[in-house]
Amino acid sequence: MSDPTPDGTDTTPTAKDDPVVPTAWGVPVVESGGQTVLHPPVDRWLETVKACRDDGFCMAIDLVAVDYSAHPGRTDLPPGIEPERFEVVASLISHASGRRVRLRTQVPEHDPVVPSLFDLFPGTEAMEREAWDLVGVAFDGHPDPTRILLPEDWEGHPLRRDVAMGRIPVQFRDAPAVR
Amino acid sequence: MADELVDADSGPDSGTGTDLGSAERVCRRDETSAVLRLSEAEAAVLAGGPDDPPAGDTSDQRMILNMGPSHPSTHGVLRLLLEMEGETVLRSKPVIGYLHTGMEKTAEDLTYLQGPTNVTRMDYAAPLFSELAFSLAVENLLDLEIPPRATWIRMLMCELNRVSSHLLFQATNGMDLGAVSMMIYGWREREEVLRFFEKVTGLRMNHNYIRPGGVAADLPEGWQADVRRLLDLIPPRLDEYDTLLTGQPIFRERLQGVGVMNPAEALALSATGPILRSTGYAWDLRRDEPYLAYDEVEFDVIVGTHGDAFDRYAIRLNEIRESLRIVEQILDLMPGGDFRAQDKKVTPPPRSRIDESMEALIHHFKIFTEGFHVPEGETYAAVESPRGEVGCYLVSDGGPKPYRMHIRGPSFVNLQTLPHLMEGGLIADGVAVISSVDPIMGEVDR
């Protein structure tokens, strides 16, 4: 239902308006400040990480989950990648080529589950436990899906944006009463 | 499953073409693994209490022993669940979180200028490295170039911080192994370095000195003499440590062959720093991914051979010598100029301008209350701390505070090697292993 522009061309998106997204290991890739960032969908998470590992990325240096619910309308995703509430970010490093890649996958709020990288990189065990503990993204196939930093009976996941910052009220001696 | 395991050790190559060994030992996920994957509640039932004998079959003499969180050899509040058979450790699990104060959540409520105050409290033995990683990440997002003098001051302070951190390790390592006099000596030399820090930053620890845009203040008058004094003072003391510990048969017996790991296992567990290098795998971000100006100074990357606790001790001792070598070069190469970027958006105006200009006062006020805005985006910056790679993953939504700030603490990740290093050893060796991993709990729990 788009109106034709004065010169008669149609504004419906065409292949010409849609820039070709470069891909690497079969998933969209962007350069962000000189760093390579891959955007695999969550169902291709394991196979992308495995492809990277087979290409010499020998170490999973970091894994972190982010809750984007307080940041709508972000602009740093390549076309074709739908933003979701959660994102899991893994950083891999290749010692042979001295390169790093970062993989960001969008995880929907209604099903916050990502396959565990334990079988590829056992070193992600603690990082995935931390992501579950603090942000509440579960890792399917994790050998020890327990909390790591918070007590076992803790309820909720404090790094979600809908959890308020904890505060301890401070009562100063001789302070005037609240007016 | 078996295919996966064989796969894992055919992966990386250190570039030297040497055999990295097999990572199979650390990839196990069933009950043969060195990691005791029990929840605390399950462990409590198994361990039982004085009036409550442990449940289940006890004829195999196995027991669950709880070590910590308040134990002198656990470097703070590390707690270990140990599955023991007699004196032998079968499986174990580090239980952490006793020092968790939600610093990543706190970071979301602090401006970028306040950020270093927060992250400096993570690794309190090497606070400047977290500040540096955070500042580099912010500068990445701002696309901000910092002046050469700021870069070199950062390098000087970080190398001295590496010295003080490794001296602390020498002290606590000695103490854990029963060489209590070493504790006094290590602390004594560390204090000399901290005294210099106090002169430069105003504080012995938690400096908040490296900030986005440069450093908080220029080096004080006469800093060269102070650094030269350290360069004269520390090396002979290191030779004394050699006499006291390195060549001493009892000390060597206590450490050699204890807590052994091969390069493939260290890589699989994402271990960095002295733990990875002790296996003979030369990987140091200062050399392999030079940041600041590390490509302009000469130093050697120290590696071990056996991957045992003794190698980790020796690596740290010799890294002190290499750091002092770098500091000596920095003395000659330190450039003049500004100690922070002269970008009006990020840098507050100099103190003298505030007295004479209303605009400068407002500008100063705005930077310290609202903070400066950082363009939307995400980035990761990594530096080589005394314990390995400390990284900062930073997400900005374009506002004056980080949307998400995550510190990749090397101690947090390195702690995963503990069950594998302790497996099959004696509980007394476990103390030596914990000490050789050198975890700083502030950074583990954040």
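In what order do the elements of chain A run from the N terminus on?

1. From the N terminus, the order in chain A of this predicted model is β-β-β-α-β-β-β-β-α-β.

2. Chain A has 179 residues, of which 36% count as buried. Among the contacts in chain A with a separation of 6 or more, 55% come from residues 24 or more positions apart.

3. Between the chains, 40 residues of chain A are in contact with 46 residues of chain B. On the side of chain A that touches chain B, the elements giving two or more residues are β4 (59-67), β5 (86-94) and α2 (125-135) of chain A. The most is given by β4(A), with 6 residues. By class, this side of chain A comprises 19 nonpolar, 12 polar and 9 charged residues.

4. In chain B, the axes of helix α7 (residues 148-177) and helix α8 (residues 180-201) come within 7 Å and cross at roughly 160 degrees. Because angles over 145 degrees count as roughly antiparallel, α7(B) is roughly antiparallel to α8(B). The crossing of α7(B) and α8(B) is left-handed.

5. The residues of α7(B) that meet α8(B) include Met157(B), Leu160(B), Val163(B), Leu167(B), Leu168(B) and Met175(B). On the side of α8(B), the residues include Val180(B), Met183(B), Trp187(B), Leu194(B), Phe196(B) and Val200(B). Charged residues also take part, with Glu189(B) and Arg190(B) of α8(B) in the contact. By class, the contact of α7(B) with α8(B) has 15 nonpolar, 5 polar and 2 charged residues.

Key: Residues are numbered from 1 along each chain as its sequence is written. Chains are lettered from A and ligands numbered from 1 in the order in which they are written. This is a predicted model: local features need pLDDT of at least 70, side-chain atom pairs count only at pLDDT 80 or more; totals for chains, interfaces and linings use all residues. Two residues are in contact if their C-beta atoms, placed from the backbone, lie within 7 Å. Helices (H or I, at least four residues) and strands (E, at least two) are DSSP runs, numbered from the N terminus. Axes are lines fitted to C-alpha atoms, for helices over the stretch in contact, and angles run from 0 to 180 degrees between N-to-C directions. Angles under 35 degrees count as roughly parallel, over 145 as roughly antiparallel, 65 to 115 as roughly perpendicular and the rest as oblique. A crossing is left-handed if the near helix is turned anticlockwise from the far one by less than a right angle, and right-handed if clockwise. A residue is buried if 20 or more other C-beta atoms lie within 10 Å of its own, exposed if 12 or fewer, and partly exposed in between; C-beta atoms are placed from the backbone.
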